[in-house]
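Here are some notes on the model, point by point. Please read them alongside the coordinates.

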Amino acid sequence: MANDIDFIGRDLGTPFNPEDTLEQRDWDDWTVPPTAGQLAEDLQGLTPMSRAVRMLDPALVAGLPLIDAENENEALDLDLPTPDEVTPDRSFERRGIHDSIDLPLIVPGLGPVNMWSFRDNLDGTSSWPAKTIRVKEGEVIHSRMSNRRGPHTIHHHGIEPTPMNDGVGHLTMDIGGGLRYKYQWLAGESGTYFYHCHVNTVLHFEMGMYGMLIIDPDVPGAPFTDGGPGAVMMRDEPVSYDVEAIWVPDDIDRRWHILNQPNYHERAGIVRGEFVSINNPVNPRLHDFNPDVFVVSGVAAPFGQDGALLSGAQATATLGDKVLVRALNAAYCTTRWRFPATVQGTVVAVDGRTLGRSPFGRYSEPYSLASINHQFELTTAQRWDILIDTGTASRLGQHVVEVDFLHWYTKNRLFTVRMPIQVNSAGA
């Protein structure tokens, strides 16, 4: 039987008890950014958040400095150790950002929409979606996370690290108030993955805190540059491609992105109070999601223009090129993808797993888009890799891929965006 300090009530499927002081503190941690003093207390084992900290060296935890809990401007400025740390093959650094002045999404016909993302601390660049983490199969990776605000984490979606390196809020390290932590993980099977913040995930993912994570095969030249050329696994063999299209549909409910509403913590945007409440169209809670802005890989469709052609998301190839489409659904809507019959594509991987690859190849096999009538649906976080051979295209010019956004519950079509695959002649 576990000791009382090793679990909280909800771990055992029991309801939240607001009369329990420890449970109330744990609930508050989910909804309000902690002060530096609170973080110091958490790290010394005074709240359920210390479930992660207890896996650290007890001498380290006992030696952490206490900071005045009333001074919210103080920061720990502390590097937390990675258990069983080894020398990495590749390292990355990220910091959470959430200021519209730093990173607005400009929607044609509407204007700026506030987004959150990750800054690359090594080169100082910020983008939305966040900069790709790209590595080679078999490498040991360090992803270092730091925040002055927060808390935020990095969860490498589809990767299977140790518990302390999984980046799930409250189960592993929540990074905020000057804390820094190195997530250590092994780049396993090559494929398409992504990373995102896993604190108050429903809100933080919607606000834009995600980026691509691509593991390339262990072949010469890897890891490759976004956009191609590169290589992808086809069963047990790497196959070269010439062009890479990373297409990430997303849907945005602007009401969730407005700061200074009563249910948002000023500046940080963290939801306060109850997650579920009476529906209020002016001040929605997290159960009320009605998107009105639609995006593919950071390219926004003109506001209200259903069926818009997103030329900014165009994939351009020369006749005979192979095009790898990495499709990730970052929308809360289900997305229905429709490829034209004028291009021949093969689905080579699903959710970061290569179809037909040993040792589990006997359970799966690559298949053609034609065999599924050139269309498929992806729910949130699903990824498909499609290898297109433009040498079999029936004509030069544009081959338009359509993506329908379907309401997550009713399945009604809300909006359609269109992305062109432009096939040019060799002399063009």
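**Notes on the predicted model**

1. The side chains of D216 and R134 are joined by a polar contact of 2.9 Å (N or O atoms within 3.5 Å, one able to donate a hydrogen and the other to accept it; residues adjacent in sequence count only if both atoms are side-chain atoms). This is a predicted model, in which local features need pLDDT of at least 70 and side-chain atom pairs pLDDT 80 or more, while totals for chains, interfaces and linings use all residues. Residues are numbered from 1 along each chain as its sequence is written, and side-chain values use heavy atoms, with hydrogens and water left out.

2. D216 belongs to strand β11 (residues 210–216); strands are DSSP runs of E, at least two residues, numbered from the N terminus. D216 counts as buried because its relative accessibility is 0% (buried: under 20% relative accessible area, 1.4 Å probe, protein chains only). Leaving out residues up to four places away in sequence, the residues that D216 touches include K136, E137, S190 and R326 (contact: heavy atoms within 4.5 Å).

3. The largest nonpolar core has 35 residues, of which W247, W337, F339, I386 and V417 touch the most other members. Such a core is a set of buried Ala, Val, Leu, Ile, Met, Phe, Trp, Tyr and Cys residues joined through side-chain atoms within 4.5 Å. Strand β28 gives the most to this core, five residues.

4. Apart from that core lies another, of 26 residues, with W116, V135, I154 and M207 among them.

Definitions and conventions
Helix = DSSP H or I, 4+ residues; strand = E, 2+ residues; numbered from the N terminus. Buried < 20%, exposed > 50% of the residue type's maximum accessible area, 1.4 Å probe, protein only.
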